[in-house]
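Here are my notes on the model, point by point. Please read them with the structure open.

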Amino acid sequence: MNLPFIKKFSTKALIILISSELAAVVTGPPGNGDTPWVGFHDSITQKASFFGLFVTGRWALFYAIGIISYLAVHFFKKLNSNNSAMDSLRSQYSSVAKNKYFKLAAVLVIGVLAILLPTVITDPFWREAMVSQIAVFVLLALGLNVVVGFAGLLDLGFVAFYAVGAYATAWCTGALPMPPIFGSHVNPFFAIPIAIILAMVAGVILGIPTLRLRGDYLAIVTLGFGEIITLFANNLTGITGGAQGTKQVPHFSLHIGPLKYIWGLDPVPYYYLVIGFVILFIFIFYSLEHSRVGRAWTAIREDEVAAESLGINPLKYKVMAFAIGAASAGFAGVMTAAQSNFLTPATFTLALSINILVLVIFGGMGSIFGVVFGAIVIQTITMYLIHTPPAGYQPPDLYIYIGALLVIMMIFRPGGLFPARRRQRADVATSSLENSNG
Amino acid sequence: MANLFEVSNITLRFGGVVSLSNVSLYQKRGEILAVIGPNGAGKTSLFNSLTGVYQPQEGSITFNPKEGEPISIIGKKPHVISHTGVARTFQASRMFNALTTFENVKIGAESHKGIGAIGAILRGPATRKDEKYSDARTWDLLDFVGLRAKANYIASSLSYGERRRLEIARGLATNPEVLLLDEPAAGTNPSEKLELTDLIRKVRDQMGVSILLIEHDMKLVMSLAERLYVLNFGSVIAEGTPDEIRANQNVVDAYLGTTTAEGAN
Amino acid sequence: MHGFLSYLNAHFHALRLEFWGLFIGGIGSGIIYAMVAIGYTMVYGVLRLINFAHSEIFMTGAFAGYFTLNYLIGSSSPTGFSSILLIIVGILAGGITGSFFAVVLERVAYRPLRIRKAPKIAYLISAIGASYFLLNLAAKEFGRIGRGIAQPYQNHTVFTIFGAPVEMYNIIIFVAAGIMLIIVDRLVSKTKLGRSIRSVAQDSETASLMGVDIDRTIAMTFVIGGFLGGAAGFLYALNVGVLYSMGFTPALKAFTAAVLGGIGNLRGAVIGGLILGVTESFTVVFFSGAYTDVVAFAILVLVLMFRPTGILGELIGRSA
Ligand SMILES: Nc1ncnc2c1ncn2[C@@H]1O[C@H](COP(=O)(O)OP(=O)(O)OP(=O)(O)O)[C@@H](O)[C@H]1O
Ligand SMILES: [Mg+2]
């Protein structure tokens with residue numbers, strides 16, 4: 001063992017110690033506002049079995065896990081840098097991944113699995129969650145990915161478009177105090193195009209004034225807009241039904257000639273409907289990414305001044321990203337309205353916007369595959385925690401984890417689990433440049 | 001025929017700082033024109049004013065395209081000015097670092113068409129034809145600047161000289177009438193400088209694109225430019241052919257004296 | 001039409017009647033916004049970054065003051081000299097806690113990104129994550145219901161201006177905030193530390209070439225901004241109590257104040273805070289309570305769109 005390693009290791013060990021105490025607090029029992037230290041104290045003194053060997057403070061368990069994974073990562077890295085076999089393996093893998101047919105096959109397999117999923121999952125909780133908490137969130141994440149990932153615009157009020165889609169559906173189907181759009185109410189099915197278009201229009205209306213602003217101002221202004229939409233939904237009782245929520249939104253039904261079908265309480269038919277739209281949106285977003293539009297988005301994201309000097313109108317493309325991203329959120333809104341039959345402003349909070357953001361960040365901004373993966377994994381974990389909460393877990397604790405995850409991702413893996421090809425390259429390139437400078 | 005650029009009496013201020021004061025100049029069509037001057041003289045500010053990045057508070061800038069009416073540059077957005085036929089490079093090169101060399105140039109080649117979101121989704125014959133055309137044009141330009149071999153490299157992995165050439169290709173892809181080059185030789189080695197000189201001349205001779213050039217390397221400027229303006233503290237202090245400039249005592253005092261001293265060490 | 005005019009008339013009449021009362025209230029909240037705004041503006045100066053987590057610095061300061069005072073006061077009702085002492089202790093508790101969390105925030109959420117030269121969007125996301133983490137951790141540890149703070153002084157009307165009462169609370173925040181603002185102004189304009197902060201704000205590369213320790217300067221900026229933010233949280237809590245989510249709205253308003261005064265501009269932040277506080281106070285006459293927050297936000301959007309450099313202008317304004 002060499003000295004620098006021990007030195008480095010001991011500072012890391014200290015950091016891991018602090019982190020594990022923090023983790024113990026975060027996962028431990030809650031406190032209260034009368035005795036400030038009780039939550040911290042209880043969390044740190046709480047006992048747990050040390051891998052079944054003996055009983056110790058729960059933080060010690062976290063500490064052990066932290067140290068072991070640090071060492072593992074450290075030695076793996078070392079091994080990796082000495083070992084070119086690993087590299088060749090990786091490049092082989094990436095050449096396989098590049099293969100068009102391989103990709104196509106992977107997509108087909110995933111598609112088939114998605115179609116067969118309802119036959120495997122029979123638990124009613126999960127059947128419901130599959131649609132309203134997973135598939136709908138995949139749609140939301142896909143939409144936000146266009147805005148954040150492709151165009152590089154941090155929109156913290158994305159939930160506004162979701163709300164517009166949902167309330168538009170309620171409006172069309174006569175579930176709002178405000179009279180429905182065409183005088184008489186329609187089946188939610190026909191609300192789909194209207195809701196999508198209204199969400200896109202909302203994107204344009206919100207985008208034109210705000211997208212002229214610098215990136216950080218945009219974030220705070222969209223955050224404010226998101227809050228204001230909730231505020232209006234709460235207070236304009238005559239239009240939205242206020243905090244009490246809407247009247248009953250009917251289920252989907254289809255009557256075309258002899259064809260008759262009603263989406264009832266069973267989530268499975270909704271599932272197939274959403275999956276259809278997920279595929280449609282993936283196709284659209286993928287095509288856009290690999291077109292002139294996607295390249296223009298990347299150019300603006302990378303260097304707006306240079307993009308402008310080449311004749312790209314940044315405002316136009318940014319507004320377009322807002323509108324296109326809003327489309328899938330609008331559809332997600334239709335699904336939520338029609339499936340849950342009922343809307344309240346309490347659904348459309350800043351917390352939800354941040355929740356969607358974390359799906360995008362975790363999977364990989366700008367990577368469609370990553371984002372879908374991130375949304376499925378995080379939402380499944382979330383639902384699992386609600387379904388079978390571990391001891392001491394309360395649902396709002398989730399937000400603590402989400403906050404921490406955002407910071408951790410930004411520090412250690414800003415590109416997400418599956419970095420977008422275009423972003424990854426930039427990261428690699430800048431780091432290699434810095435190395436050569438330093 | 002009217003001059004390509006006609007700049008009269010522009011003044012540009014930032015708060016108390018005056019970066020350009022009462023500057024007038026013109027460029028003839030097909031000319032290789034250079035702007036020189038010490039650091040902070042206002043050269044880049046002039047470029048930024050010509051391309052709509054900065055808006056001078058006073059004066060006028062007129063651009064005369066080959067076809068159509070004269071265009072007043074002031075008050076226009078950079079992307080609009082690009083559409084009229086003005087392209088530029090930047091002093092600190094600004095690549096799209098996440099994209100390949102090829103994609104960088106292609107963005108220039110396709111940025112003057114409509115937005116085409118619907119086309120991008122449906123991929124109809126018109127869209128495919130457009131793509132094909134942009135691809136062909138991109139390959140031509142990469143050949144022209146000698147970067148075909150690096151087409152699939154990430155832009156930020158290129159050497160300084162290559163980046164400069166890439167920026168030139170990207171600017172040319174927009175099909176301009178004039179190309180503004182802001183210190184294209186900065187950071188390049190002597191052999192790259194020679195190649196660059198040839199390339200710039202080739203752009204003018206073979207493509208018929210006028211050149212407006214900012215450069216500190218006197219050898220390069222004097223061999224390339226047909227006419228020069230000298231800026232100092234935001235004002236034009238001299239104008240003329242390379243020989244006239246060399247002989248101008250003002251210029252020697254204000255600028256050339258120092259650069260030759262710099263060049264010596 | 002006539003209805004609208006009489007509506008306006010009635011409201012302007014109300015405004016005239018309550019003018020001084022509203023004015024005093026507005027100055028009171030404005031000076032708190034000003035204290036928080038300075039934190040935004042100073043961090044923006046050195047990092048070119050909106051510190052999204054500043055709202056939580058405010059919150060932690062409020063809780064620290066709350067716990068300290070509840071512990072010290074118990075069920076007694078202090079007066080006179082002990083009141084002053086308790087208020088100073090509360091301010092120190094809030095301020096030091098604010099500084100502590102601000103520095104930790106900088107170390108954990110920002111510095112690793114700064115070392116890597118991460119793009120701006122990464123900072124923003126990291127900041128939002130940190131803010132969200134602290135907010136919800138506070139909710140978990142301290143509960144989700146609002147609590148009143150033990151009062152270190154007896155509130156009463158001290159004197160009246162044009163018939164409007166000026167209460168003890170108004171005087172306390174005015175004096176306390178005033179003193180702190182003056183100290184910070186001196187600190188930044190007169191001391192060596194202040195010079196380093198200003199030089200980093202102007203051009204951090206040149207500053208580091210001239211031997212300024214960038215890391216330390218940035219950390220000190222967070223210390224100062226955090227102190228003011230935390231102390232402001234305590235002063236705010238004296239009036240309205242504490243709640244885990246209490247930082248959001250005042251911080252959004254303080255940010256508005258910072259932009260209104262010209263972000264990066266210290267005195268601008270103070271002026272912006274006072275203008276915003278007073279404006280907001282007057283609008284209460286015209287809008288129902290639910291919409292007063294919208295007013296501040298509308299001001300923010302309008303300023304950003306039409307005069308993004310604010311009233312006094314950004315001090316450090318190079319972008320291209
Ligand atoms: N955005 C801006 N804000 C404030 N001042 C500016 C801005 N742009 C340029 N200036 C000022 O204008 C003056 C001219 O700068 P400019 O960049 O045009 O000089 P230059 O001749 O290109 O110098 P160099 O040879 O170093 O590139 C400088 O004093 C500079 O500080
Ligand atoms: Mg320059």
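1. Two strands pair if DSSP finds at least two bridges between them. Helices (H or I, at least four residues) and strands (E, at least two) are DSSP runs, numbered from the N terminus. In chain B, B:E6 has B:Y26 of strand 2 as its bridge partner.

2. This is a predicted model: local features need pLDDT of at least 70, side-chain atom pairs count only at pLDDT 80 or more, and totals for chains, interfaces and linings use all residues. Residues are numbered from 1 along each chain as its sequence is written, chains are lettered from A and ligands numbered from 1 in the order written, and side-chain values use heavy atoms, without hydrogens or water.

3. Chain B has an open sheet of four strands, order 2-1-4-5, with antiparallel pairing. Strand 2 (17-27) and strand 5 (71-72) of chain B stand at the edges; each has a single partner strand, so one side of each lacks a neighbour in the sheet. Strand 1 (residues 5-14) of chain B is joined to strand 2 of chain B by seven bridges.

4. Which protein atoms are donors of the magnesium ion (ligand 2)? They are B:T44 (OG1) and B:Q91 (OE1), 1.8 to 2.1 Å from the ion. Donors are N, O and S atoms within 2.8 Å of the metal (3.2 Å for Na, K and Ca); water is not among the atoms, so sites may look incomplete.

5. B:T44 is partly exposed at 25% relative accessibility. B:Q91 is also partly exposed, at 34%. The class lies between buried (under 20% relative accessible area) and exposed (over 50%), with a 1.4 Å probe and protein chains only.

6. Chain A has 18 helices and four strands. Of its 438 residues, 51% are buried.
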